[in-house]
Amino acid sequence: MKRTLTRALLSMTGAAMLLLAACSKTPEQGKHIPKSAALVLGINSKQIQQKLVTEGLTVEKLFESLQQKDTSNAMTKAMKEAENSGVDLQSDVYVAMVPGESGPAYIAAYAALKDASKFEAFIKEKSKKEVKAGTDFKYVADENGNGVLGFDKNMVIGIFGFDPNSARFGGRDQTPGGLDEKSATDILNNLFHMKADESIAGVESFKAVHKEKGDVVFWMSSEQIYAFNPGTPTGMGALMSNNMKKLTAGSFQTAAVHFENGKIRVNSLSYAGKEMQDIMKKYPMEKVNISMLENYPSEDIFGFALLNFDLRMIGDIIKLVGMDGLANVGLAEAGLTLDDILKAFKGELALIGSDFSVKSQPSEWDSSYKVTKPELKWVFNMKVGDKAAFEKVMNSPMVGQMFTKQGEEYVPNQPLGPVAVSINDKRILAASDASLLSAYDAGKGKANVESSVLSKTKGSVMSMYLSVEKLVNNIPAEEMKLPDSVLNDLKGLLKDFTVVTEPSSGKTQKSVLELNFKNENQNTLVQITNFTTKMYNYYMAKKAEEDAMWGEPVTDTTTAIVDSAIAVPAQ
C-alpha cells in the first residue's frame, strides 16, 4: 500500500516538480494552512508554465525531448497520468511543514482539483484501496501510518507524519512519524474546515509576500521552527528555552522568487519580533565600508563579502537567551569577559578573493604523477573596536602566548606558512601572502569591480558577490570531463551571484539575491530547463554506453538516447 500510494502521489506531483511545480491576494490553499506552520513553500504553476510557453517551450516539447522515443519513461508516464488525474496542474501548489502541538509533526501538500470524480477514480486505481468517507471529504490512508490523502470537490490535501528529531530522518531507515489513520483524518478535517483566525492566510507577512506575485514564494516562522525542539527542559535549560521563545516570537522570513530575462531575483524580507527589534534599535547596522573593497590591488576579483554590524548585538542576544553566564565562565580562566571580546572588535569586516586558477603540478608523494590544485589570493580585514578592550584581549593568557608586540604590531610567535598576518590597534589583516597584504595595507591599489556591482554594494549593510563565470572559466577542460558541446553550454550559462541587505526599517529588513545569467535576452527558467534537459540526455547517453560496455543489450531506445545526447527542446 505504501508503495502504491507513493506512486500515485508521485504521478500527481511529477509535472509540478519538473516545472518547478503556485499573487496579490492570498490563494485559496492558504486558507487551509494552519498559522502554526513552520515552513511554507508555494509554487505558481500557471505563471511558470506561461513563462515557458512564451519562449516556445511547451510541456509537450519538454517531455518529448526527455522521452526520446522511450514510451516506458517513468517521468513521461507520470506526466500523462497527472494530466488525467483530475488535478488542476495550473493551480498554485503548496507544501507546509507543521510542528505537532499535541501529536506528531506533519507535512501537508495542497493542490486544487478541476474534476473530483476523475481524481477519485485515479487515486482508487493507483492505491488499490478503498476510498473512505470523512465528514464532507473523502480520503485514502496508508495502513502503516505513512500518509493520508484527503479531497473534497475543490482541493486535495496530502498529510505525511514525520519525526523531525529522529537521527535517521531523511535516511533509508526512517521510521514512520506515528500518524495513524484517526490522527491523520482529524488533521484533515481541521484543515478542510479551518477557521479564518486559525489560518496562515491572515498573517500579515504571508499576505505581503504574495503581493510580489513571485513564481515561487517561501515563508518561515522562526518561532515555530524552534517549536520542533523536543522535550520539556528544566532548570537553566527551561530558562534558555523560555528566553529563546521570546527572541523568536513574531519573527518571520519571507522570499519571493522571480524568473526573469537574464536573472533570477529573490526578494527576501526578515520580520523581527519585539525583543529583536529592541536590540536592532540599540545597535543599528551601519553601511559597509566600501574602501575596504576598493583598496584591493587586483584586476581579477572573483568574489567578496562586506559586513558592518555592532558585535554587541550578539552579546545582547546571548544574554537574552541566558547563555552569557556560561560564556563568562569559559572566559574567566583567560581573565576576560564576554563584554571584553565584543567591545574589542567591530563587526566591520571584508573578505575578498581574486586570481583564481587551477594548476597542474607534480605530486609531493610522487613527482612523476601530476595533480591539480586550485590557487587563489585573498585578504581578510576586520576593524578593531575599543582600544583598551582590544589590548586586554591581546595581552590575556589565552591570546598573549601566541603573539609578541613589536612596536605597534602584534607578531605571531609561530610561522603561519604562506599566510601573512598584520595586527595593530586599528585593524586585523590576514592575506594569502605577504606581498598582497603589504600592497593592500598601503591603500594604493584599485580593485576592478563592475560598476553595477559596486552601485548595489554602496549603501548596504551587507553585500556578497561571486563571479561564477570566472571560477568556471578557470577550471581546465580536462578536469570537467565533459564533451565540448556540454562544457561550452555550462561556461556560457551563469555570470555571477550577488546578495545585498538594506538597512533595517525597525521591524523589517530587506535582502535582494540575484543570480545573473550570461544570456540577458531569454528567461532564466527556460535557460535552466534547456540546460538541465541537455545534461539529462548526456548522462543517459553515457549510462547507455557504459551498459553496452558491460554487455547490456542495446535497444532502439538506447540508440535514440545516444543519438540525441545533446538535444534540447525545439523552440
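**View 1. Helices α21 and α22 are roughly antiparallel to each other.** This is a predicted model, in which local features need pLDDT of at least 70 and side-chain atom pairs count only at pLDDT 80 or more, while totals for chains, interfaces and linings use all residues. Residues are numbered from 1 along each chain as its sequence is written, and side-chain values use heavy atoms, with hydrogens and water left out. The axes of α21 (residues 484–491) and α22 (residues 524–549) come within 11 Å and cross at roughly 155 degrees; angles over 145 degrees count as roughly antiparallel. Helices are DSSP runs (H or I, at least four residues), and strands are E runs of at least two.

**View 2. Ser485, Val486, Asp489 and Leu490 of α21 meet Phe531, Lys534, Met535 and Tyr538 of α22.** Contact means heavy atoms within 4.5 Å. By class, five nonpolar, one polar and two charged residues form this contact.

**View 3. The largest nonpolar core holds 30 residues.** Such a core joins buried nonpolar residues (Ala, Val, Leu, Ile, Met, Phe, Trp, Tyr and Cys) through side-chain atoms within 4.5 Å, where buried means under 20% relative accessible area with a 1.4 Å probe, protein chains only. Val40, Tyr110, Ile157, Ile159 and Leu191 touch the most other members. Among the elements giving two or more residues are β3 (105–112), β7 (155–162) and α6 (181–192); α6 gives the most, with five residues.

**View 4. Leu191 touches His32, Pro34, Tyr106, Ala108, Tyr110, Ile157 and Ile159, not counting residues up to four places away in sequence.** A second, separate core of 24 residues includes Leu52, Ala255, Val472 and Phe517.

Technical notes: Axes fitted to C-alpha atoms, helices over the stretch in contact; angles between N-to-C directions. Parallel < 35°, antiparallel > 145°, perpendicular 65-115°, else oblique. Nonpolar A, V, L, I, M, F, W, Y, C, P; charged D, E, K, R; others polar. Buried < 20%, exposed > 50% of the residue type's maximum accessible area, 1.4 Å probe, protein only.
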